[in-house]
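Hi everyone, thanks for coming. I'd like to walk you through some charged contacts today, and then a bit of surface.

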Amino acid sequence: APAREVPSPMPQLTQANIQSTLPWGVLIDTVCPPTWVESTDYTRQGKLQPGDLVMVPRSDGTTRFAQVRRKAGLIWEDLWEVVVTLKPDGSALATRIEEGVMLGRPAPAAAETHKTSLMQGVEAV
């Protein structure tokens, strides 16, 4: 009998399933470019809303991308639930609550340029 192929227990993270779950999925949990300059490539002020790409300081000392999932806390609090890690299928694995003032807001042009460069490195399976 021919050998059967054993499927991988962890599905591959592909460009297709990243894009289908979160608009900024390809960037989530990746390190922000160290060459980015505040006020040019990102700001720390401005309105936030679900779906926004943000920059989050992490416990390992890096600043990584995350995506705003929803408003958190009381109406007057500037608290946001952000997706910081993805499951292999591209859906949210880990979220955390962050103060809005702590979240960098990438400039749209800088974010799109960085997203495009990362997507060119993701192989569709």
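**Salt bridges and a surface patch**

Let's start with Arg 58, which is partly exposed at a relative accessible area of 21%. For the cut-offs, buried means under 20% relative accessible area, exposed means over 50%, and partly exposed is in between, with a 1.4 Å probe and protein chains only.

A word on where this comes from: this is a predicted model, so local features need pLDDT of at least 70 and side-chain atom pairs count only at pLDDT 80 or more, while totals for chains, interfaces and linings use all residues. Residues are numbered from 1 along each chain as its sequence is written, and side-chain values use heavy atoms, with hydrogens and water left out.

So who pairs with Arg 58 in a salt bridge? Asp 29 does, with the closest N and O atoms 3.0 Å apart. Asp 29 sits in the loop between α1 (15-21) and β1 (42-43), and Arg 58 in the loop between β2 (53-57) and β3, so the pair ties together parts that are 29 residues apart in sequence. Helices here are DSSP runs of H or I with at least four residues, strands are runs of E with at least two, and both are numbered from the N terminus. By salt bridge I mean a side-chain nitrogen of Lys or Arg within 4 Å of a carboxyl oxygen of Asp or Glu.

Asp 29 is itself partly exposed, at 27% relative accessible area. Its side chain also meets that of Arg 64 in a salt bridge, at 3.9 Å from N to O. Here too the pair links distant parts of the chain, 35 residues apart, with Arg 64 in strand β3. Arg 64 counts as buried, at 18% relative accessibility.

Next come Glu 98 and Arg 96, whose side chains form a salt bridge at 2.6 Å, N to O. Glu 98 is buried at 10%, whereas Arg 96 is partly exposed at 27%. Back at Asp 29, shared partners join that residue, Arg 58, Asp 60 and Arg 64 into one salt-bridge network. In total, the structure holds six salt bridges.

Finally, the surface. Leu 74, Ile 75 and Trp 76 make a nonpolar patch of about 430 Å². Patch residues have over 30% relative accessible area and no salt bridge; like charges are joined within 9 Å, and nonpolar side chains (Val, Leu, Ile, Met, Phe, Trp, Tyr) within 5 Å. Accessible areas come from the Shrake-Rupley method with a 1.4 Å probe, and for residues only the protein chains shown count as cover. Leu 74 lies in the loop between β3 (63-72) and β4 (79-86).
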